[in-house]
Every structure is written in structure tokens, then in C-alpha cells.
Amino acid sequence: MSVTTPSAAPAWEAAVDDAPVAIHVRRDLVAVAGAEGTVWLLDVASGAVTEALTLPGGLLDVALAPDARHLAAAGPLGHALWARDGGRASVFETGSWSSKAAWANMERVAVVSGRRALVLDAEGRELWAPEPAASTVTDVAWMRAGRRLAVAAYGAVRCHERHTPAPVATYRYVGSHLALAVPATGRWICSGNQDASIHIWRTRDGSELTMSGYPEKVSRLAFDDTGTWLAADGAPDVTVWDFSGKGPAGTAPRTLTAHETVTALAWRPGPAGHLASGGDDGTVALWRATSGRPQARLRPARTFAGAAAVAALAWAAPHLLIAAHRDGRVVAHRVPDL
Amino acid sequence: MSTSQRVPVTVLTGFLGSGKTTLLNRILTERHGMRIAVIENEFGEIGIDDALVVDAEEEIFEMNNGCICCTVRGDLIRILGALMRRREKFDHILIETTGLADPAPVAQTFFMDDEIAAQLRLDAIVTVVDAAHVLRHLDEEKPEHVENEAVEQIAFADRVVLNKTDLADQATVDEVISRIRAVNASVEIIPTRHAEVDLARIMDVGAFDLDRVLRDDPAFLTDTEHQHDTTVTSVGIDLPGELDEDRLNRWLGDLLRTRGADIFRSKGILALAGEPRQYVFQGVHMLLDGDFGRVWQEGEARRNRLVFIGRGLDRDALERGFTGCLADAGVAA
């Protein structure tokens, strides 16, 4: 049952002059990436815009370094690095599709560039790069405390380490892997697939599992902080799989019903199993996503209405959720304990 | 989602030198007031500031759905996905493919990806043909199992822009038209020079809309008896009566499962027993999109029209199979 509570006033509201495609929060900064190429940096306490920078050709992703001293931006025609000190920007107009940037730590970031993933230092200098994948790289994820990089593309997820361009481990599955999720425990590699499935490998022995039967392609996957729960789109309902013990083989997921089309997923920081999801109708829903039994159909613990589709969600703190909407509105919601 | 809200996408294909880039530039420069995005796989000389032009390299992905010929274009999925996330709304999207590209994965992308299907609609596959040189391409002998791309692009086309008619004599133009018809009996052929085409004939024509399949009725079946010795042909069948739905599903399902790789395009307007409305479908290889159309009028003879375009089609077998689906074929089937 949904609990209707008088909606608390948001902590702040801001507006950017574009359709956001991604947001990322670290420390005191919220980075909002606009589809047409501008990144706005907002103060996390007030929502005031402190800086704006541009990547020609548009944006697909943005990632702040853990210390919020640097930022990487990725777009259809290249990527860019920005240093907070002095506001230096290094723009790389490579002409190569870049859909993802992920920091390993304060010094190293992986950026997609066409069929390759590049590992760069904070200024954008190439440190090492795996060999090209079979197609344009769709997603990357760091493993083993930033020593191993998982790279998703058509036909396989490949894991790379610095010493060799060839993969140190290859997880094959014929299909177009759209999104990667690796839990903090490193026990699993999960990919959301164009063929409307989730493909799962146990990293220890490479054993595989496919969760098929989704009505649509699975393009959003996220593990919670404990690495026990995986949330996925691929249907009007969000599915939440239990990866505890031997994993989800033979189990049924919890299904979270609130949206027609899921457009964003973000786990609340911490072990509570609280999830935020966004829909194309503008609704932000909050869930006790791990409550009930397997196969339970859950209703949101709380919802926030929005006028335009949710474009991205990110938690700034356990009680502050930032939602970017397609109309350019960025709202910081105060979220009490659910 | 209704047809009108989805952005139409035209696939423009044809060999280098056919006038494809000239046509593309013409579309972009003509004063139509439309905001157009272009995805090009062939690096042409497009010098237009108004349009958003994105270069892409063809990426063909197989789908794990038990359908051997089901492939999609990964490059288009990601580029179209990014275009849809932009704030600016495009009135039309053009996809220019190379003369060597297989149109099937392009078309199938619009069937297989829900995000794309919800917001975009494949409007038509437009193939530009060089009247003076296409016969050479059509006649080119290919090793076994290698497609003749010129034949394939004509087989998939909803519109053929027969360009450079001024550079070919009338006999050649007639021969080209007859050869195109042998492959694709119902395609609309638009003879032209310097790629001067009335854009209304190639853009926003709704060739993949089920209701247009009905409206294009007269051109639907032009039977070609005088077929050339070509392995890719059209087979049109017109059958009076009503069909048994179960038997039709079984026959069509079997046919597409076993011969789907060879059946490039299919269209049908059918009368199902006990159903007051027409059933309309169209497909690309094994993928079918079907729905109920208008109500059969009182006194209107119920009939079933079907057209397949494909490789090595056996007209007799298709006619036999289709006839076996008639409701009154009864126990004999």
C-alpha cells in the first residue's frame, strides 16, 4: 500500500537550460549533464550553479572524481576532463562515441572511446588502454579496488588490467550488453542485454546464469551498497533480485510497480535496501525494495510527482535525493527514513 | 502510441554514384521548414548547417530470440536513443546507408527495440537507382550465399527513385523498370533526373503503417507473369473467402520460421472467419506487425491478399499453403 504523506518541501530546486541526461554527486558538487553538451556544477547545499563547461557534440554521461576535484564528461563526439582548481578543461574531440566515464579513485578514470575504453589520469593523459572490443563499448565498471576494468560491448564482457592490452578474463555471451553492474563484493558481473535479459557470471568460476523473459531490453542495472540486491529495468516494473548466498538462480525477484517506463534507478546509500526509481511520467518513487518475500509485488513507500520525465537520479546523502527532469528542473528532495 | 506523434524515419539507400547524396542534399536544402537529423554511414559531402548530421559505422548485432536472421543495428539504436534524449524535437530523421548495407537489420531495429518503436516510426525504405548503370549491378554474378546488394535493396524498397534517366536511352529505362518490377512487383518507381523528386512522394509516406498498406491497395498486387530469370521475386496471392485463424497462424508461423531468411518483405490484408474487421500485417523477414483494420463493408466480397518478396519463392507451394488456410478448406487441410 502506498502511504500518502504531505510532501515535504524540497531542499532546493534549480533549472538548467537543456534536457539532462545524467547527474553525478560527490562531496559538495552536483554535476548535471545536458544532452546538447553543457555540464552544470551545482552546490549540493543550495542548488546554485557554480560552474558550467561544454563538450561539443553533446553529452551522454558525467562523473565526478571521489574528491570532487576533477570531472570527466562523455559524449557522442568525444570526452573531456575538467579540473576544479583553476577551472582547466581538456576537451578531446575524438569523433568517437563515449557513453560512460567511471573513476577508479581520485587519480584514474576510465572513459569509453569508440570500441575502446581508455584509462586516463585526472588531466586526461592516457595511462593504459585495453585492446578494442568487438563493437562500440557500452559500459565500464571498476573491480578489485580499481585494479581491474570490466568492459561491456557486443558479444562479451572483458576484464582488463594494466599490464596487457589483452583481457585477463573474458565472459562471453552473444548479445549486445547495454549496461554493467558489479557489486562491491566483486562476486558477480551482471549485464543488461538488448535481447531483454540479464546475463550473470560468477567471477570465481565464470559460471553463467541468464534471467530472460523481460518484455524490453535491460539498460539499467544497479547493485546496492551491500552487493546483495540488484535492481533492473526492462519492464514497467522494476525487478529486484537477491544475490545473497548462492545467488539468484532458481529464485523470483521482487517487483516494484509504479511506472509505465522506468527511466532511472538509484540505491540509497547504506545497507537498508531502499531504492529510488524514476519514470517517464515524472514520478520519483521510493521503495523498501527488499521487504516482503521473493516474488512480492511492492508498492512505493513514498512518491514525488514531477511535471516532466525523470532523466536521472542520484543520492547526495542518505537523506538527500537529487532528481533531474527532462524539462531541465533539478530537485533536491529531503527523504526521511522510510 | 499513435502514428502521428512518432517521428518518421526514412532509410535512404543506394550505390555510391546513384545520386543518393544529391537527393539527401536536396532534402536538406529544400524549404520545407522541417528540423531534420541525418545519420550517415557513408561519408558524403553534406554541407548543411541546419541539420544535425551524425556519422556512424555499421554495427550489426544478432538477437538471441531463436530467430536466425534477426539482426539489429547497434549503431542506430544508440544514436537514435541519444537523439531522443535531446530537448529539440526533430520532425524527420534520415538514415543514409551504404550501397553495400543490408536493409533488413535497419528495418528490424524498428521492430525489435521498444524504446525506438515507442518514439519513432520507420516511414519508408527509399532506394536510389542509377538508371544508366544499375543493370550491371543487377546482373553481377555473386558467389553462392553472397547477396547481390543491388537486388536486395530493390527487394526491400518501398520507393525506388530511378535517377539519371537522362543518361540512359528509353529502352534501357524500360528494361530497368521491368527488372525492378520482377523483383518487387508493388514498389512505386519514381523516374527522375538529378535526383529531382517531389519530396512528398518519398517522405512521410507511411509505407510501414498498416492503414497505408490498405490505402495503397491498388498498387498492392501487380502480378508479374513475364518474370526474368532472377531468384528474388514477388509472389502475390489473391484468394476469395475467409481464413481459419488457427490454420493461418500455423502456416504463416511455419513459413516464416523455416523460410523467413529468404522472405525479405511481406504484406497482407486478410479476412478471418468470424471477424468483422480486416486483418492487416506487414513484415520484415521473420518479424511481423499486424492489427485489425477497417470493417468489411456490407456486400463487400471477403478476400485475402498477400504479397511476399523474397529469394527462391515457390509460388505453387505458397498458393497451396495459403489456400489450405481457408475456413472452408476444412478437414482436407
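User: Which residues of chain B does the UniProt annotation "domain: CobW C-terminal" cover?
Analyst: That annotation, from an unreviewed UniProt entry, covers residues 232-326 of chain B. UniProt positions are given in the numbering used here, feature names are shortened, and annotations may be inferred rather than shown by experiment. The span is 25% helix and 46% strand, with its end C-alpha atoms 27 Å apart. Helices (H or I, at least four residues) and strands (E, at least two) are DSSP runs, numbered from the N terminus.

User: What should I know about the model and its numbering?
Analyst: This is a predicted model, in which local features need pLDDT of at least 70 and side-chain atom pairs count only at pLDDT 80 or more, while totals for chains, interfaces and linings use all residues. Residues are numbered from 1 along each chain as its sequence is written, chains are lettered from A and ligands numbered from 1 in the order in which they are written, and side-chain values use heavy atoms, with hydrogens and water left out.

User: Which domains does the assignment give for chain B?
Analyst: Domain 1 (7-216) and domain 2 (232-323); the bounds come from an automatic or database domain assignment. The C-alpha centres of these two domains of chain B lie 25 Å apart. Their contact (heavy atoms within 4.5 Å) takes 26 residues from domain 1 and 25 residues from domain 2.

User: How much area is buried between them?
Analyst: About 2,100 Å² between domain 1 and domain 2 of chain B, and carbon and sulfur atoms give 71% of that. Buried area is the accessible area (1.4 Å probe) that two parts lose on being put together, summed over both.

User: How many salt bridges between those domains?
Analyst: The count between domain 1 and domain 2 of chain B is 1. A salt bridge is a side-chain nitrogen of Lys or Arg within 4 Å of a carboxyl oxygen of Asp or Glu. Asp158(B) forms a salt bridge with Arg265(B), with the closest N and O atoms 2.7 Å apart.

User: Which element gives the most to the domain 1 side?
Analyst: H3(B), with 5 residues on the side of domain 1 that touches domain 2. That side of domain 1 of chain B divides into 21 nonpolar, 2 polar and 3 charged residues. Ala, Val, Leu, Ile, Met, Phe, Trp, Tyr, Cys and Pro count as nonpolar, Asp, Glu, Lys and Arg as charged, and the others, Gly among them, as polar.

User: Switching topic: how many residues does the contact take from chain A and from chain B?
Analyst: It takes 22 residues from chain A and 20 residues from chain B. The area buried between the two chains is about 1,900 Å², of which carbon and sulfur atoms give 48%. On the chain A side, Trp97(A), Gln194(A) and Arg326(A) lose the most area to chain B, together 28% of what that side buries.

User: And how many salt bridges between chain A and chain B?
Analyst: There are 3 between chain A and chain B. Lys217(A) and Asp113(B) meet in a salt bridge through their side chains (2.7 Å, N to O). Strand S16 (residues 169-181) of chain A gives the largest share of the chain A side that touches chain B, 4 residues. By class, that side of chain A has 9 nonpolar, 6 polar and 7 charged residues.
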